[in-house]
Amino acid sequence: MKYLDPKADITFKKIFGNHPERLISLLNALLPLSEEEQIHEIEYLPTELVPELEGHKNTIVDVLCTDSRGRKFCVEMQMEWSKAFKQRVLFNASKLYVSQAIKGEKYCALQPVYSLNLVNDIFERNTPDFIHNYRIVHDKDSNKVIEGLHFTFIELPKFTPHSVSDKRMMVLWLRFLTEINANTKEIPAELLNNPEIGKAVEDLKISGFTDAELRAYDKFWDSVSVEKTLQYDSFQEGMAQRSLEIAKKMLAKGMDEVMVREVTGLSADLIQHLKAEM
């Protein structure tokens, strides 16, 4: 049996965009919710966030829902990290929060917005922690909180089952997202034995997708590959430019060409060319 990767756009939405119990399980497992805050019932909302004012920006999220208390939950699967992603997340959550305001109602009636962001990339390299929760807190006393906006970012590549001593469902859902892909031949029994995750695995079987859906799936991974290539090329170009700038500064201070070559990695011919231009 062949399976598709759950992190692709089409598979992620198929798994979580039409199955309330499954989405509830994921949210309760991954969000920092107390027992009293657990989600019990949801209603799906349109994933296109239309602005109140004409000319303002429209955005589309992967999965969006509200629960019986009126709380909003926004779920995003992001393959590549970018500096702008946090701003996009903040923009979407703020829009959801503001959209609740009805003329004549009190501000205390506004319900919290929770943003869950699963990132298939590493963006916090100085810590082994892979779950990052954010709230609006006082700059000197983190116990003083302005309630309303909650953000969770999860770095999927950092996750390993033994690194988590938390809720069992958290581990199972993260294993589902990180261990299953197009090369998977057998699914671990622990995943299949869980009712919601077992059903999600069934939805990943390649036999359940139409030809058009499979083409969309392949196109998604092609676009991810192109994006990675562009980011790598941009990084390499930036590094090369940085090396040139360092070499020029070192040469301007009269430093030895051999030392300049060792520090910057530039060729002797290029260093001599830079020296001749000075």
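Predicted model: local features only at pLDDT ≥ 70, side-chain atom pairs only at ≥ 80, totals over all residues.
Me: At what angle do the axes of H1 and H4 cross?
Reply: Two packed helices are described by the angle and the distance between their axes. The axes of H1 (residues 9-16) and H4 (residues 168-179) cross at roughly 150° and come within 13 Å. That makes H1 roughly antiparallel to H4 (under 35 degrees is roughly parallel, over 145 roughly antiparallel, 65 to 115 roughly perpendicular, the rest oblique). The axes are lines fitted to C-alpha atoms, for helices over the stretch in contact, with angles from 0 to 180 degrees between N-to-C directions. The helices (H or I, at least four residues) and strands (E, at least two) are DSSP runs numbered from the N terminus.

Me: Which residues of H1 and H4 make the contact?
Reply: On the H1 side, find Phe12, Ile15 and Phe16; on the H4 side, Trp173, Phe176 and Leu177 (contact means heavy atoms within 4.5 Å). By class, that contact has six nonpolar residues, no polar and no charged. Ala, Val, Leu, Ile, Met, Phe, Trp, Tyr, Cys and Pro count as nonpolar, Asp, Glu, Lys and Arg as charged, and the others, Gly among them, as polar.

Me: How do I read H2 and H6, and what angle do they make?
Reply: The axes of H2 (residues 20-30) and H6 (residues 195-202) come within 10 Å and cross at roughly 120°, which makes H2 oblique to H6. H2 passes H6 in a left-handed crossing. Glu21, Arg22 and Ser25 of H2 touch Glu196, Lys199 and Ala200 of H6, a set with four charged residues, one polar and one nonpolar.

Me: And what is the angle between H8 and H9?
Reply: H8 (residues 257-264) packs on H9 (residues 268-277) at about 120°, the axes being 10 Å apart. They are therefore oblique to each other, and their crossing is right-handed. Glu257, Val260 and Arg261 in H8 meet Ala268, Ile271, Gln272 and Lys275 in H9.

Me: Which residues line the largest cavity?
Reply: Rolling a probe the size of a water molecule over the atoms shows where empty space is left. On a 1 Å grid over the protein atoms alone, a cavity is a set of points where a 1.4 Å probe fits but cannot get out, and lining residues have an atom within 4 Å of a point. Points are joined across faces, edges and corners, and the volume is the space filled by probe spheres set on them. The largest cavity is about 30 Å³, and Cys74, Glu76, Val89, Asn92, Ala93, Ser115 and Asn117 line it. H3 gives the most to this lining, with three residues.

How values were computed. Residues numbered from 1 in each chain as written. Heavy atoms only, no water. 1 Å grid on protein atoms, 1.4 Å probe; cavity = no way out; pocket = protein on both sides within 12 Å on 5 of 7 lines; lining within 4 Å. Left-handed = near helix turned anticlockwise from the far one by under 90°.
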